[in-house]
Amino acid sequence: MASKAPLADLLSTDRVLLDQNLASKKSVLEKAAQLLAVGDQAAGRRDIFEGLCQRERLGSTGLGHGVAIPHCRVEQASVSGAFIRLRRPIDFDSPDTASVDLFFALAVPARCSDVHLKLLASIAELFSDPDRRDALRGVDGYRQLVTLLSGDAETEQPQ
């Protein structure tokens, strides 16, 4: 099992968007950069967007099963995360060719490689569970999302 990184601690209400209407990979990366740039310690939106795009050029961060983890390293003091759920899935060049509707984006300090890898492993593990993916697709707000990400909830579909 991957390291239990506090994924919910990376989010705040202003870095979670549910049921967005975004139509392309670029628009998702732009929105993720906007969210990740929130806060005093965060890098600028343009730097984050360029970092996300550069990482995508190396290969898609789509995991399969409708999930992607766009991420990059930037000059900033701490790790920031954002969660985006789309109303309609989009093509994200995932290895299984499935369209993507769940995104957990990360911006990590440039010199933070071990933390970066542990976070990616934790997120990939979270999204590898089909019940958890279904639950993430059904959350209706920030609190429910954070509860699910912190592991305090069963992986059943929210009511």
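This is a predicted model: local features need pLDDT of at least 70, side-chain atom pairs count only at pLDDT 80 or more; totals for chains, interfaces and linings use all residues.
Local features need pLDDT of at least 70 and side-chain atom pairs pLDDT 80 or more, while totals for chains, interfaces and linings use all residues. Residues are numbered from 1 along each chain as its sequence is written, and side-chain values use heavy atoms, leaving out hydrogens and water.

**Exercise 1.** Work out what span the 16 residues of α3 should have, and compare it with the distance between its end C-alpha atoms.

Step 1: Helices are DSSP runs of H or I with at least four residues, numbered from the N terminus. Step 2: The expected span is 1.5 Å times one less than the number of residues. Step 3: For α3 this gives 22 Å, and its end C-alpha atoms are 22 Å apart, which agrees.

**Exercise 2.** Find which residues of α3 are buried and how they are arranged around the axis.

Step 1: Buried means under 20% relative accessible area, exposed over 50% and partly exposed in between (1.4 Å probe, protein chains only). Step 2: His116, Leu119, Leu120, Ser122, Ile123, Leu126 and Phe127 are buried. Step 3: Viewed down the axis of α3, these fall within an arc of 160 degrees (taken from directions from the axis to the C-beta atoms), so they line one face of the helix.

**Exercise 3.** Decide whether Asp47 is buried, partly exposed or exposed, and say where it is found.

Step 1: Asp47 lies in helix α2, residues 45-58. Step 2: Its relative accessible area is 46%, so Asp47 is partly exposed. Step 3: For its place relative to Ser113, 66 residues apart along the chain, the C-alpha atoms are separated by 18 Å.

Terms used. Helices (H or I, at least four residues) and strands (E, at least two) are DSSP runs, numbered from the N terminus.
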